[in-house]
Amino acid sequence: MGYGSAPDEPETGAGSDAPERYRPVSERAAAVRPSASTGEHAAPLVEALLRLADDRLVLGHRLSEWCGHAPILEEDIALANIALDLIGQASLLLEHAGQVEGRGRSADALAYFRDAVEFRNLLLAELPNGDFAVTIVRQFLWSAFAVPHLKQLSASADATLAGIAAKGHKEATYHLRHAADWVLKLGDGTVESHARAQRALDELWPYVHEMFRTDDVEAPLVAAGVTIDPSTLQLAWRESVASVCRAATLKVPGDGWKAQGGREGRHTEHLGHLLGEMQILARSHPGAEW
Amino acid sequence: MVKAAAPVAGDLWKVLEGVLDPEVPVLSVVDLGIVRDVRVTDDGVEVVVTPTYSGCPAVKVIERDIVGALRRAGVAKVRVRTEFAPAWTTDWMSDAAREKLRAYGIAPPRPRVGDADADPLVQLLRRQPPPAVPCPWCGAAETELRSAFGPTACKSIRYCPGCRQPFEAFKAL
(Lines give C-alpha, C1' and ligand atoms only; values in the text may rest on other atoms or scores of the structure.)
Protein backbone atom coordinates (compact mmCIF):
# COMPACT_ATOMS: atom_id res chain seq x y z
CA MET A 1 0.00 0.00 0.00
CA GLY A 2 0.95 3.62 -0.32
CA TYR A 3 2.08 4.12 3.22
CA GLY A 4 5.77 3.49 3.86
CA SER A 5 6.21 1.39 0.73
CA ALA A 6 6.58 1.77 -2.99
CA PRO A 7 3.53 3.36 -4.60
CA ASP A 8 3.23 0.67 -7.24
CA GLU A 9 2.29 -2.02 -4.76
CA PRO A 10 -1.28 -3.28 -4.81
CA GLU A 11 -3.55 -1.02 -2.86
CA THR A 12 -6.66 -2.34 -1.21
CA GLY A 13 -7.69 0.69 0.75
CA ALA A 14 -7.84 3.32 -1.94
CA GLY A 15 -11.16 4.85 -2.80
CA SER A 16 -12.65 5.09 -6.25
CA ASP A 17 -11.06 8.48 -6.90
CA ALA A 18 -7.55 7.12 -6.40
CA PRO A 19 -5.30 6.72 -9.43
CA GLU A 20 -5.91 3.47 -11.30
CA ARG A 21 -2.59 1.96 -10.25
CA TYR A 22 -3.52 2.30 -6.60
CA ARG A 23 -6.64 0.23 -6.79
CA PRO A 24 -6.21 -3.09 -8.58
CA VAL A 25 -7.68 -4.94 -5.63
CA SER A 26 -10.32 -2.41 -4.74
CA GLU A 27 -12.64 -3.73 -7.47
CA ARG A 28 -13.27 -6.43 -4.92
CA ALA A 29 -14.64 -3.74 -2.66
CA ALA A 30 -17.75 -3.24 -4.75
CA ALA A 31 -18.59 -6.87 -4.18
CA VAL A 32 -17.98 -6.80 -0.44
CA ARG A 33 -20.66 -8.96 1.04
CA PRO A 34 -23.07 -7.09 3.25
CA SER A 35 -22.24 -7.86 6.83
CA ALA A 36 -24.74 -8.58 9.53
CA SER A 37 -24.33 -5.03 10.72
CA THR A 38 -24.74 -3.35 7.35
CA GLY A 39 -27.56 -5.36 5.89
CA GLU A 40 -30.77 -3.71 4.81
CA HIS A 41 -32.25 -4.03 8.29
CA ALA A 42 -29.33 -2.42 10.09
CA ALA A 43 -30.08 0.75 11.93
CA PRO A 44 -27.96 3.73 10.91
CA LEU A 45 -27.17 4.20 14.59
CA VAL A 46 -25.49 0.79 14.78
CA GLU A 47 -23.37 1.75 11.79
CA ALA A 48 -22.47 5.10 13.37
CA LEU A 49 -21.56 3.46 16.67
CA LEU A 50 -19.38 0.89 14.89
CA ARG A 51 -17.50 3.71 13.15
CA LEU A 52 -16.78 5.36 16.49
CA ALA A 53 -15.96 2.08 18.21
CA ASP A 54 -13.76 0.62 15.49
CA ASP A 55 -11.55 3.72 15.22
CA ARG A 56 -10.82 3.30 18.92
CA LEU A 57 -10.51 -0.47 18.98
CA VAL A 58 -8.11 -0.62 16.05
CA LEU A 59 -6.03 2.40 17.05
CA GLY A 60 -6.00 1.18 20.65
CA HIS A 61 -4.71 -2.20 19.49
CA ARG A 62 -2.00 -0.53 17.41
CA LEU A 63 -0.86 1.48 20.44
CA SER A 64 -0.86 -1.66 22.59
CA GLU A 65 1.72 -3.13 20.19
CA TRP A 66 4.22 -0.65 21.65
CA CYS A 67 3.90 -2.21 25.09
CA GLY A 68 7.40 -3.36 25.99
CA HIS A 69 8.94 -1.70 22.92
CA ALA A 70 8.65 2.07 23.42
CA PRO A 71 11.80 4.20 23.37
CA ILE A 72 11.62 4.98 27.09
CA LEU A 73 9.73 3.46 30.00
CA GLU A 74 7.55 6.54 30.56
CA GLU A 75 6.40 6.43 26.96
CA ASP A 76 5.78 2.70 27.13
CA ILE A 77 3.41 3.41 30.02
CA ALA A 78 1.85 6.40 28.25
CA LEU A 79 1.06 4.52 25.03
CA ALA A 80 -0.34 1.56 26.96
CA ASN A 81 -2.50 3.93 29.03
CA ILE A 82 -3.85 5.67 25.93
CA ALA A 83 -4.52 2.25 24.40
CA LEU A 84 -6.43 1.26 27.53
CA ASP A 85 -8.61 4.37 27.38
CA LEU A 86 -9.35 3.86 23.68
CA ILE A 87 -10.15 0.16 24.04
CA GLY A 88 -12.35 1.04 27.04
CA GLN A 89 -14.25 3.58 24.96
CA ALA A 90 -14.55 1.04 22.15
CA SER A 91 -15.94 -1.55 24.53
CA LEU A 92 -18.66 0.82 25.77
CA LEU A 93 -19.56 1.85 22.22
CA LEU A 94 -19.67 -1.75 20.99
CA GLU A 95 -21.86 -2.78 23.90
CA HIS A 96 -24.25 0.04 23.03
CA ALA A 97 -24.16 -0.94 19.34
CA GLY A 98 -25.02 -4.53 20.26
CA GLN A 99 -27.96 -3.38 22.35
CA VAL A 100 -29.28 -1.05 19.65
CA GLU A 101 -28.88 -3.81 17.08
CA GLY A 102 -30.96 -6.11 19.27
CA ARG A 103 -29.53 -9.38 18.01
CA GLY A 104 -27.83 -10.33 21.24
CA ARG A 105 -24.28 -9.53 20.15
CA SER A 106 -22.03 -8.48 23.03
CA ALA A 107 -19.09 -6.08 22.81
CA ASP A 108 -16.77 -9.10 22.69
CA ALA A 109 -18.78 -10.73 19.89
CA LEU A 110 -18.51 -7.53 17.84
CA ALA A 111 -14.80 -7.09 18.56
CA TYR A 112 -13.66 -10.65 18.01
CA PHE A 113 -16.10 -12.22 15.57
CA ARG A 114 -16.35 -9.68 12.78
CA ASP A 115 -14.04 -9.90 9.76
CA ALA A 116 -12.09 -7.05 8.20
CA VAL A 117 -14.83 -6.12 5.70
CA GLU A 118 -17.22 -5.64 8.60
CA PHE A 119 -14.93 -3.16 10.37
CA ARG A 120 -15.78 0.52 9.95
CA ASN A 121 -12.60 2.20 11.20
CA LEU A 122 -10.62 4.87 9.39
CA LEU A 123 -7.69 3.61 7.34
CA LEU A 124 -5.53 5.99 9.39
CA ALA A 125 -6.16 3.89 12.50
CA GLU A 126 -5.04 0.59 10.99
CA LEU A 127 -1.78 1.72 9.37
CA PRO A 128 1.28 0.09 10.93
CA ASN A 129 2.91 1.95 13.80
CA GLY A 130 6.07 2.79 11.87
CA ASP A 131 8.67 4.52 14.01
CA PHE A 132 7.81 6.51 17.13
CA ALA A 133 7.31 9.67 15.04
CA VAL A 134 4.63 7.99 12.91
CA THR A 135 2.80 6.70 15.98
CA ILE A 136 2.90 10.08 17.72
CA VAL A 137 2.00 12.17 14.66
CA ARG A 138 -0.94 9.85 13.94
CA GLN A 139 -2.06 10.12 17.55
CA PHE A 140 -1.86 13.89 17.31
CA LEU A 141 -3.76 14.15 14.01
CA TRP A 142 -6.49 11.78 15.19
CA SER A 143 -6.81 13.15 18.72
CA ALA A 144 -7.13 16.69 17.35
CA PHE A 145 -10.18 15.32 15.53
CA ALA A 146 -11.49 13.15 18.38
CA VAL A 147 -11.55 15.92 20.99
CA PRO A 148 -13.98 18.29 19.23
CA HIS A 149 -15.88 15.29 17.83
CA LEU A 150 -16.52 13.84 21.29
CA LYS A 151 -17.28 17.29 22.66
CA GLN A 152 -20.14 17.67 20.19
CA LEU A 153 -21.30 14.08 20.60
CA SER A 154 -21.62 14.68 24.34
CA ALA A 155 -24.74 16.68 23.44
CA SER A 156 -26.16 13.79 21.38
CA ALA A 157 -29.88 13.10 21.48
CA ASP A 158 -28.88 9.50 22.27
CA ALA A 159 -28.29 9.67 26.03
CA THR A 160 -25.99 6.64 26.20
CA LEU A 161 -23.82 7.92 23.38
CA ALA A 162 -23.75 11.37 24.99
CA GLY A 163 -22.53 9.87 28.28
CA ILE A 164 -19.83 7.75 26.65
CA ALA A 165 -18.69 10.76 24.61
CA ALA A 166 -18.52 13.09 27.61
CA LYS A 167 -16.35 10.57 29.44
CA GLY A 168 -14.18 9.97 26.40
CA HIS A 169 -13.76 13.70 25.80
CA LYS A 170 -11.85 14.13 29.04
CA GLU A 171 -9.56 11.23 28.18
CA ALA A 172 -9.03 12.38 24.61
CA THR A 173 -8.06 15.85 25.82
CA TYR A 174 -5.26 14.33 27.90
CA HIS A 175 -4.13 12.22 24.92
CA LEU A 176 -4.10 15.25 22.63
CA ARG A 177 -1.95 17.27 25.00
CA HIS A 178 0.50 14.41 25.30
CA ALA A 179 0.73 13.81 21.56
CA ALA A 180 0.98 17.52 20.71
CA ASP A 181 3.72 17.94 23.31
CA TRP A 182 5.70 15.20 21.56
CA VAL A 183 5.08 16.72 18.13
CA LEU A 184 6.64 19.93 19.45
CA LYS A 185 9.60 18.03 20.93
CA LEU A 186 10.23 15.95 17.81
CA GLY A 187 9.57 18.68 15.25
CA ASP A 188 11.53 21.35 17.07
CA GLY A 189 14.15 18.86 18.25
CA THR A 190 17.21 17.39 16.55
CA VAL A 191 17.79 17.25 12.81
CA GLU A 192 16.95 13.54 12.92
CA SER A 193 13.76 13.89 14.99
CA HIS A 194 12.58 16.80 12.84
CA ALA A 195 13.15 14.83 9.63
CA ARG A 196 11.30 11.81 10.98
CA ALA A 197 8.36 13.89 12.25
CA GLN A 198 8.08 15.66 8.89
CA ARG A 199 8.25 12.36 7.03
CA ALA A 200 5.54 10.92 9.27
CA LEU A 201 3.32 13.96 8.64
CA ASP A 202 3.84 13.70 4.87
CA GLU A 203 3.13 9.96 4.79
CA LEU A 204 0.02 10.14 6.99
CA TRP A 205 -1.55 13.20 5.38
CA PRO A 206 -3.43 11.34 2.58
CA TYR A 207 -5.25 9.45 5.33
CA VAL A 208 -6.55 12.41 7.34
CA HIS A 209 -9.27 13.42 4.88
CA GLU A 210 -11.37 10.35 5.58
CA MET A 211 -12.05 11.66 9.11
CA PHE A 212 -14.17 14.48 7.68
CA ARG A 213 -16.13 12.56 5.05
CA THR A 214 -19.88 12.91 5.10
CA ASP A 215 -22.14 10.21 3.69
CA ASP A 216 -25.81 9.30 3.48
CA VAL A 217 -25.64 6.67 6.21
CA GLU A 218 -25.49 9.18 9.02
CA ALA A 219 -27.63 11.89 7.39
CA PRO A 220 -30.84 10.96 9.27
CA LEU A 221 -28.88 10.75 12.51
CA VAL A 222 -27.29 14.14 11.96
CA ALA A 223 -30.71 15.63 11.23
CA ALA A 224 -32.05 14.13 14.47
CA GLY A 225 -29.15 15.45 16.54
CA VAL A 226 -27.84 11.98 17.34
CA THR A 227 -24.48 12.25 15.57
CA ILE A 228 -22.72 15.13 13.90
CA ASP A 229 -21.51 15.78 10.39
CA PRO A 230 -17.72 15.37 10.69
CA SER A 231 -17.07 17.73 7.78
CA THR A 232 -18.12 20.60 10.05
CA LEU A 233 -15.02 19.94 12.18
CA GLN A 234 -12.51 20.20 9.38
CA LEU A 235 -11.78 23.92 9.34
CA ALA A 236 -11.06 24.20 13.06
CA TRP A 237 -9.02 20.98 12.91
CA ARG A 238 -6.84 22.39 10.15
CA GLU A 239 -6.24 25.53 12.18
CA SER A 240 -5.34 23.54 15.32
CA VAL A 241 -2.98 21.24 13.45
CA ALA A 242 -1.37 24.15 11.60
CA SER A 243 -0.74 26.07 14.83
CA VAL A 244 1.04 23.13 16.47
CA CYS A 245 2.98 22.33 13.29
CA ARG A 246 4.10 25.94 13.04
CA ALA A 247 5.38 25.89 16.62
CA ALA A 248 7.05 22.54 15.88
CA THR A 249 8.73 23.94 12.70
CA LEU A 250 6.90 21.33 10.64
CA LYS A 251 5.36 22.00 7.25
CA VAL A 252 1.72 21.04 6.78
CA PRO A 253 1.61 18.95 3.59
CA GLY A 254 -0.54 19.95 0.66
CA ASP A 255 -3.65 17.94 -0.10
CA GLY A 256 -3.11 15.32 -2.78
CA TRP A 257 -4.47 11.82 -3.05
CA LYS A 258 -7.12 11.13 -0.44
CA ALA A 259 -7.30 7.59 0.84
CA GLN A 260 -10.71 6.36 1.89
CA GLY A 261 -12.81 3.22 2.17
CA GLY A 262 -12.59 2.21 5.83
CA ARG A 263 -16.09 3.42 6.65
CA GLU A 264 -17.44 1.04 3.98
CA GLY A 265 -15.25 -1.89 4.96
CA ARG A 266 -12.65 -1.43 2.21
CA HIS A 267 -9.46 -1.71 4.19
CA THR A 268 -5.73 -1.91 3.63
CA GLU A 269 -4.17 -5.34 3.91
CA HIS A 270 -2.81 -4.29 7.31
CA LEU A 271 -6.17 -4.62 9.06
CA GLY A 272 -6.41 -8.34 8.34
CA HIS A 273 -3.05 -8.97 9.99
CA LEU A 274 -4.01 -6.84 12.97
CA LEU A 275 -7.29 -8.69 13.42
CA GLY A 276 -5.55 -12.03 13.03
CA GLU A 277 -3.47 -11.23 16.07
CA MET A 278 -6.22 -9.53 18.03
CA GLN A 279 -8.90 -12.16 17.44
CA ILE A 280 -7.07 -15.47 17.43
CA LEU A 281 -7.46 -16.25 21.12
CA ALA A 282 -11.19 -15.57 21.20
CA ARG A 283 -11.73 -17.53 17.98
CA SER A 284 -9.59 -20.47 19.03
CA HIS A 285 -11.32 -20.74 22.39
CA PRO A 286 -14.83 -19.33 21.93
CA GLY A 287 -16.50 -18.54 25.21
CA ALA A 288 -13.30 -18.98 27.23
CA GLU A 289 -13.03 -17.00 30.45
CA TRP A 290 -9.94 -16.16 32.45
CA MET B 1 -26.04 -4.73 59.73
CA VAL B 2 -28.83 -4.54 57.26
CA LYS B 3 -31.97 -6.60 57.60
CA ALA B 4 -32.79 -8.52 54.44
CA ALA B 5 -36.46 -7.67 54.72
CA ALA B 6 -36.20 -3.89 54.64
CA PRO B 7 -32.81 -2.48 53.79
CA VAL B 8 -32.39 1.23 54.40
CA ALA B 9 -30.38 3.25 51.90
CA GLY B 10 -28.43 5.00 54.68
CA ASP B 11 -27.22 1.66 56.06
CA LEU B 12 -26.29 0.49 52.59
CA TRP B 13 -24.10 3.56 52.05
CA LYS B 14 -22.26 2.64 55.26
CA VAL B 15 -21.62 -0.86 53.92
CA LEU B 16 -20.28 0.59 50.66
CA GLU B 17 -17.92 2.83 52.60
CA GLY B 18 -16.14 -0.41 53.48
CA VAL B 19 -15.60 -1.38 49.82
CA LEU B 20 -12.10 -0.24 48.86
CA ASP B 21 -10.83 0.60 45.39
CA PRO B 22 -8.55 -2.34 44.42
CA GLU B 23 -5.94 -0.02 42.91
CA VAL B 24 -6.06 2.73 45.54
CA PRO B 25 -6.81 0.61 48.61
CA VAL B 26 -6.92 3.58 50.95
CA LEU B 27 -10.09 5.02 49.42
CA SER B 28 -13.53 3.49 49.36
CA VAL B 29 -15.74 3.49 46.30
CA VAL B 30 -17.82 6.13 48.12
CA ASP B 31 -14.75 8.32 48.83
CA LEU B 32 -13.87 8.18 45.14
CA GLY B 33 -17.34 9.19 44.03
CA ILE B 34 -17.74 6.01 41.98
CA VAL B 35 -21.04 5.18 43.72
CA ARG B 36 -23.56 7.68 42.47
CA ASP B 37 -26.75 6.34 44.00
CA VAL B 38 -28.20 3.53 46.07
CA ARG B 39 -31.86 2.72 45.48
CA VAL B 40 -34.03 0.34 47.40
CA THR B 41 -36.62 -1.02 45.00
CA ASP B 42 -39.33 -3.68 45.15
CA ASP B 43 -36.92 -5.89 43.27
CA GLY B 44 -33.88 -5.64 45.54
CA VAL B 45 -31.18 -3.00 45.79
CA GLU B 46 -29.80 -1.11 42.84
CA VAL B 47 -26.38 0.54 43.08
CA VAL B 48 -25.58 3.12 40.40
CA VAL B 49 -21.87 3.45 39.66
CA THR B 50 -19.86 5.55 37.25
CA PRO B 51 -16.40 4.55 35.98
CA THR B 52 -13.38 6.76 36.62
CA TYR B 53 -11.90 5.97 33.20
CA SER B 54 -13.55 4.23 30.24
CA GLY B 55 -10.98 1.45 30.25
CA CYS B 56 -10.41 1.18 33.99
CA PRO B 57 -9.62 -2.52 34.53
CA ALA B 58 -10.82 -2.31 38.14
CA VAL B 59 -14.44 -1.72 37.14
CA LYS B 60 -15.42 -5.40 37.11
CA VAL B 61 -13.66 -6.07 40.41
CA ILE B 62 -15.40 -3.09 42.00
CA GLU B 63 -18.80 -4.34 40.82
CA ARG B 64 -18.09 -7.78 42.23
CA ASP B 65 -16.91 -6.32 45.55
CA ILE B 66 -20.00 -4.12 45.86
CA VAL B 67 -22.31 -7.07 45.28
CA GLY B 68 -20.31 -9.21 47.70
CA ALA B 69 -20.31 -6.61 50.47
CA LEU B 70 -24.05 -6.02 50.25
CA ARG B 71 -24.78 -9.76 50.14
CA ARG B 72 -22.70 -10.27 53.27
CA ALA B 73 -24.71 -7.47 54.86
CA GLY B 74 -27.86 -9.44 54.20
CA VAL B 75 -29.14 -7.97 50.95
CA ALA B 76 -30.23 -10.90 48.82
CA LYS B 77 -30.70 -9.18 45.51
CA VAL B 78 -28.21 -6.57 44.29
CA ARG B 79 -27.97 -5.06 40.86
CA VAL B 80 -25.13 -2.76 39.78
CA ARG B 81 -25.99 -0.35 37.01
CA THR B 82 -23.45 1.87 35.23
CA GLU B 83 -24.23 5.45 34.30
CA PHE B 84 -21.79 7.62 32.36
CA ALA B 85 -23.40 11.02 32.76
CA PRO B 86 -22.45 13.18 34.47
CA ALA B 87 -18.88 12.08 33.79
CA TRP B 88 -16.77 11.31 36.84
CA THR B 89 -14.54 14.10 38.06
CA THR B 90 -11.90 14.27 40.79
CA ASP B 91 -13.77 17.33 42.06
CA TRP B 92 -16.19 14.85 43.68
CA MET B 93 -13.48 13.65 46.04
CA SER B 94 -14.03 14.89 49.58
CA ASP B 95 -11.37 16.73 51.60
CA ALA B 96 -11.21 13.74 53.95
CA ALA B 97 -10.54 11.46 50.98
CA ARG B 98 -7.82 13.79 49.71
CA GLU B 99 -6.11 13.70 53.08
CA LYS B 100 -6.28 9.88 53.14
CA LEU B 101 -4.58 9.82 49.74
CA ARG B 102 -1.84 12.21 50.81
CA ALA B 103 -1.14 10.22 53.99
CA TYR B 104 -0.86 7.10 51.79
CA GLY B 105 1.83 8.81 49.67
CA ILE B 106 -0.28 9.76 46.65
CA ALA B 107 -0.59 13.47 45.88
CA PRO B 108 -4.34 14.24 45.80
CA PRO B 109 -5.84 15.73 42.64
CA ARG B 110 -5.63 19.48 42.26
CA PRO B 111 -8.92 21.27 41.89
CA ARG B 112 -9.52 21.66 38.18
CA VAL B 113 -8.56 25.14 37.13
CA GLY B 114 -9.48 27.29 34.19
CA ASP B 115 -12.01 26.66 31.52
CA ALA B 116 -12.50 22.94 31.04
CA ASP B 117 -13.92 23.70 27.61
CA ALA B 118 -10.86 25.62 26.46
CA ASP B 119 -8.99 24.26 23.47
CA PRO B 120 -6.26 22.00 24.91
CA LEU B 121 -3.93 22.94 22.06
CA VAL B 122 -4.25 26.64 22.77
CA GLN B 123 -3.44 25.93 26.41
CA LEU B 124 -0.47 23.84 25.35
CA LEU B 125 0.98 26.44 23.01
CA ARG B 126 0.67 29.17 25.61
CA ARG B 127 2.93 27.05 27.76
CA GLN B 128 1.35 28.13 31.00
CA PRO B 129 3.05 26.54 33.97
CA PRO B 130 0.70 23.95 35.44
CA PRO B 131 -0.36 24.42 39.08
CA ALA B 132 2.12 23.13 41.63
CA VAL B 133 1.63 19.67 43.13
CA PRO B 134 3.09 19.49 46.65
CA CYS B 135 5.11 16.43 47.65
CA PRO B 136 2.94 14.06 49.74
CA TRP B 137 6.03 12.97 51.71
CA CYS B 138 7.85 16.17 52.71
CA GLY B 139 5.35 18.83 51.69
CA ALA B 140 7.75 20.64 49.32
CA ALA B 141 5.69 22.88 47.07
CA GLU B 142 7.71 22.49 43.87
CA THR B 143 7.81 19.05 42.29
CA GLU B 144 8.47 17.85 38.74
CA LEU B 145 6.27 15.90 36.37
CA ARG B 146 8.21 12.80 35.30
CA SER B 147 5.52 10.99 33.39
CA ALA B 148 2.07 12.23 32.44
CA PHE B 149 0.88 8.63 32.65
CA GLY B 150 1.36 6.33 35.61
CA PRO B 151 0.85 2.78 36.84
CA THR B 152 -2.94 3.22 36.74
CA ALA B 153 -5.13 5.32 34.45
CA CYS B 154 -5.88 7.81 37.21
CA LYS B 155 -2.30 8.70 38.20
CA SER B 156 0.83 10.41 36.91
CA ILE B 157 4.41 10.11 38.17
CA ARG B 158 6.22 13.05 39.78
CA TYR B 159 9.54 13.60 41.51
CA CYS B 160 10.34 15.71 44.56
CA PRO B 161 13.74 17.42 44.45
CA GLY B 162 13.30 18.25 48.14
CA CYS B 163 13.28 14.72 49.55
CA ARG B 164 14.46 13.08 46.31
CA GLN B 165 11.50 10.75 46.19
CA PRO B 166 9.39 9.81 43.23
CA PHE B 167 5.67 9.74 43.96
CA GLU B 168 2.32 9.13 42.33
CA ALA B 169 -0.12 11.97 41.83
CA PHE B 170 -3.83 11.67 41.14
CA LYS B 171 -4.61 13.37 37.82
CA ALA B 172 -7.16 16.17 37.97
CA LEU B 173 -9.97 15.01 35.71
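A:Glu171 touches A:Asp85, A:Gln89, B:Tyr53 and B:Ser54, leaving aside residues up to four places away in sequence; contact here means heavy atoms within 4.5 Å. This is a predicted model, where local features need pLDDT of at least 70, side-chain atom pairs count only at pLDDT 80 or more, and totals for chains, interfaces and linings use all residues. Residues are numbered from 1 along each chain as its sequence is written, chains are lettered from A, and side-chain values use heavy atoms, with hydrogens and water left out.

A:Glu171 sits in helix H7 (residues 159-187) of chain A; helices are DSSP runs of H or I with at least four residues, numbered from the N terminus. The residue is buried but has no salt bridge. Buried means under 20% relative accessible area (1.4 Å probe, protein chains only), and a salt bridge needs a side-chain nitrogen of Lys or Arg within 4 Å of a carboxyl oxygen of Asp or Glu. Two side chains to look at around A:Glu171:

| Partner of A:Glu171 | Relation and distance |
|---|---|
| A:Gln89 | polar contact between side chains, 2.8 Å |

Now the interface. 33 residues of chain A meet 30 residues of chain B. The rule finds 0 salt bridges between the chains, and H7(A) gives the most to the side of chain A that touches chain B, with 16 residues.

Definitions and conventions. Helix = DSSP H or I, 4+ residues; strand = E, 2+ residues; numbered from the N terminus. Buried < 20%, exposed > 50% of the residue type's maximum accessible area, 1.4 Å probe, protein only. Lys, Arg positive; Asp, Glu negative; His and termini not counted. Polar contact = N/O pair within 3.5 Å; in protein donor to acceptor, adjacent residues only side chain to side chain.
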